[in-house]
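Biologist: I would like to learn how to read a model of this kind. Please take one feature at a time.

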Amino acid sequence: MFSFCAEPKTLEGATWLACYLTTGKQFAFYGSFITVMVLITITAPIALLFGFGGATAARSTIAPLRWFGKGYTAIVRGIPDIAFFLFFVIALDQAFEYVRQKVLCPEWTEPIRQGNDFVVCAAAKLPLSSSPQWIHETYGFLLAVLTFSIVFGAFAANVLYGGMGAVPRGQLETAEAYGMSRRQTFWRILVPQMWVYALPGLSNLWMILIKATPLLFLLGVEDIVYWARELGGSKTQIFDYPHGDWRLYYFLGLLVFYLSLTKVSEIALGKLMAKLTNGQATLGGESQRKAVAS
């Protein structure tokens, strides 16, 4: 980056460190922090949407829909995350290519399954081999978002289902007695109040989602853990910037990052919880009432 970095072998001290910290790989490491933040920012609302749909389906009076909602939460929650990530991403990628194969290559006569190989025509590959590198990286990232959303959506569905069940039944019956339909009762009474009971569980899910981001490497995404391990390892004299084993320092940086993100999340979620419980007949609302009264 700097003009004096042209000959790394001749550098020492602060100039060597300045050049080392501004190499292309270092900037890829810095960019991986943005990747993690974008992942959790996009995944959280999508997972919440999946969870709301799963919880609503699990409460449905239509049996097949109810079975689907309960089955979704039970199956995904019962499979280890690592196993699900390893299996689901491959299955999802092959499903996309299979559909494209049927649409784009109807004349294809060879079997798609050839032993352990999954073979489709060149036009059906995702992404195309001729696509630029950023297309491959974006496709892998979108698969990661979808996988994380489905996994954490199942946990969110269980939390929201419990939150819906915690809303006092008397309030729902009162709404029905005033002439509200089931849909009006659901959207005007049940949904607004369930967040008070569901937020503690959703807060835990948010923290778990943050801690699960290192699993990105399983999905082929070069995340912060990948780069910390790659850059922190020992580098011999064949490299431009040789150094010893610096993984301890890189992972200490990750420790500070995750602890800082967790602390900021705790503060934000605490304020949100205080706002939601204000005036509610819950322990949080009662403690606020007593604090004002005293």
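Biologist: Which residues does T73 touch, not counting residues up to four places away in sequence?

Modeller: Contact here means heavy atoms within 4.5 Å. On that basis T73 touches A154, A157 and N158. Before going on, note that this is a predicted model, in which local features need pLDDT of at least 70 and side-chain atom pairs count only at pLDDT 80 or more, while totals for chains, interfaces and linings use all residues. Residues are numbered from 1 along each chain as its sequence is written, and side-chain values use heavy atoms, with hydrogens and water left out.

Biologist: Where is T73 found, and is T73 buried or exposed?

Modeller: T73 belongs to helix 3, residues 63–78. Helices (DSSP H or I, at least four residues) and strands (E, at least two) are runs numbered from the N terminus. Buried means under 20% relative accessible area, exposed over 50%, and partly exposed in between, with a 1.4 Å probe and protein chains only. With a relative accessible area of 12%, T73 is buried.

Biologist: What is A157 in contact with, leaving aside its neighbours within four places in sequence?

Modeller: A157 has contacts with G51, G54, A55 and T73. A157 sits in helix 5 and is buried, at a relative accessible area of 1%. As for distance, A157 and Y226 are 69 residues apart in sequence, and their C-alpha atoms are 31 Å apart in space.

Biologist: S149 is also of interest; in which helix is S149 found, and what is S149 in contact with beyond four places in sequence?

Modeller: S149 is in helix 5. Its relative accessibility is 0%, so S149 counts as buried. Beyond its neighbours within four places, S149 is in contact with T43, I46, A47, F50 and Y72.

Biologist: How many residues does the largest nonpolar core have?

Modeller: A nonpolar core is a set of buried Ala, Val, Leu, Ile, Met, Phe, Trp, Tyr and Cys residues joined through side-chain atoms within 4.5 Å. The largest one here has 62 residues, and F29, F148, F152, I224 and L254 have the most contacts inside it. Helix 5, residues 133–166, gives the most to this core, with 14 residues. Another core, of six residues, lies apart from it, with C105, V120, C121 and A124 among its members.

Biologist: What is F29 in contact with, leaving aside neighbours within four places in sequence?

Modeller: The partners of F29 are I224, W227, A228, L231, Y250 and L254.

Biologist: Which residues are joined by a cis peptide bond?

Modeller: L126 and P127 are joined that way, with omega at about -15°. P127 lies in the loop between strand 2 (117–118) and helix 5. L128 is in the loop between strand 2 and helix 5 too. L128 counts as partly exposed, at 33% relative accessibility, and touches R100, A122, A123 and H136, residues up to four places away in sequence not being counted.

Biologist: Where is W187 placed?

Modeller: W187 is in helix 7, residues 182–212. At 48% relative accessibility, W187 is partly exposed. Residues up to four places away aside, W187 touches F52 and P192.

Biologist: What pattern does the whole protein chain follow along the sequence?

Modeller: The pattern is α-α-α-α-β-β-α-α-α-α-α-α, with 10 helices and two strands. The radius of gyration of the protein chain is 25 Å, well over the 19 Å that the globule rule gives for 294 residues, so the chain is more spread out than a compact globule. That radius is taken over C-alpha atoms, and the rule is 2.2 Å times the number of residues to the power 0.38. Along the principal axes, the C-alpha atoms fill a box of roughly 80 × 70 × 30 Å.

Biologist: What share of the residues counts as buried, and what share of contacts joins residues at least 24 apart?

Modeller: Of the 294 residues, 38% are buried. Among contacts between residues at least 6 apart in sequence, 68% join residues at least 24 apart.
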